[in-house]
Each structure stands twice: as C-alpha cells, then as structure tokens.
Amino acid sequence: MITGVILYENGTLVVEFPCKAYDLASNLGSIGVRTPASELSAYGTEQIEVKLAANEPVGELILSKLRDGDTLSGVNLACQEVNRVCPFGYEEFLDMLGERPQEPYNRYAFYKSFETLPSSTAEGVKFILEETRRYRTTMENYALVCKAAEDEEYSQPGDEDLER
C-alpha cells in the first residue's frame, strides 16, 4: 500500500505499510532510531529523513490526507484499518470518498442507503480512521439487511408442511 524509506545517520530502512507495530519498532531500532514510531513524524525530523510513496491508489489517498501532526505509527494504523475493512478490494471505499472521478460509475452508490454515520470532518490519519469506521458500519448494515431478507425468504408461511 505504502512504501517508506527512513534514513538515519548511515542507516537506511525500507518498510512496507501496513506492518506489525513490533516489526516497525524493531526495524527502526535496527538503523539506530530510538524515537518511537508513535512520536516520529510521518514527514521526518531534522535528523531522521522519511520518504513515503504509494504503491496503489488507496495508498495515494492516505498520503494525500496526512497532516503535520501525523506519525509513522498513525500511517501504519491507517493502512491496517483500510486493509481490515476492505478485504476484497478498495474500489467501494475509494468511491465512498469520491477519490476516483475518472471511473464510469460509483460502486459505493448502491450501499449509500445503508449509511448511518456522517462523513468525517477530521483531518489527517484521524480522517482515514473515521472513514474506515463509516465504511465498516455501512457494510455491516448492508449485511444485516441481506441476512434478514434471507431469513425471511426461508421462513415463509407454509414451511411447516415441508418438514413433515
């Protein structure tokens, strides 16, 4: 989703986000970085250079939303959450956010009627996290409606006669 290159003194670390939090800390330590990822700016510091590049459109979205206060662990968490709520691909999530105007149709439009949460007004990583929550809730609502319709279909009046 996102590739990070972290340069510190004579060490270089290439990391793929998302990754395990422990691995991120361990890998930062391997090049001498003692600053926790939760305190290390996604844009780096005077001593630690951080370069982030997207490997796919959803990574571009995450990078475009980053703000000065965001950290490397925040970037990692955002990537983890997007992966968690989009196990079958990112198309609907990107359509929900209106990030792909070149597409001929909006795949998320079908699910819009199942939304119960408003769009996020936050910025940075917090925006991504709130939007993943909105997306997950919408998809859960859709699944509940489908399950209820399926249950209703299989419990039509007269089914008792079929069991005899």
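The structure is a predicted model, in which local features require pLDDT of at least 70 and side-chain atom pairs count only at pLDDT 80 or more, while totals for chains, interfaces and linings use all residues. Residues are numbered from 1 along each chain as its sequence is written, and side-chain values use heavy atoms, with hydrogens and water left out.

The protein chain contains six helices and three strands, arranged from the N terminus on as β-β-α-β-α-α-α-α-α. These elements are DSSP runs numbered from the N terminus (helices: H or I, at least four residues; strands: E, at least two). The radius of gyration is 21 Å, whereas a compact globule of 164 residues would have a value near 15 Å; the radius is taken over C-alpha atoms, and the globule rule is 2.2 Å times the number of residues to the power 0.38. Along the principal axes, the C-alpha trace spans about 80 × 40 × 25 Å.

Of the 164 residues, 38% count as buried (buried, under 20% relative accessible area; exposed, over 50%; partly exposed, in between; 1.4 Å probe, protein chains only). Contact denotes heavy atoms within 4.5 Å. Among contacts between residues at least 6 apart in sequence, 62% join residues at least 24 apart.

Beyond neighbours within four places in sequence, Thr3 contacts Val14, Val15, Glu16, Lys51, Leu52, Ala53 and Asn55. With Glu16, the Thr3 side chain forms a side-chain to side-chain polar contact of 2.9 Å. A polar contact is a pair of N or O atoms within 3.5 Å; within protein, one must be able to donate a hydrogen and the other to accept it, and residues adjacent in sequence count only if both atoms are side-chain atoms.

Two backbone features were noted in loops. Glu9, in the loop between strand 1 and strand 2, has a positive phi near 50° although it is not glycine. Glu9 counts as exposed, at 66% relative accessibility. Pro18 is placed in the loop between strand 2 (11–17) and helix 1 (21–30), and the peptide bond from Phe17 to Pro18 is cis, with omega near 5°. Most residues other than glycine have a negative phi, and most peptide bonds are trans.
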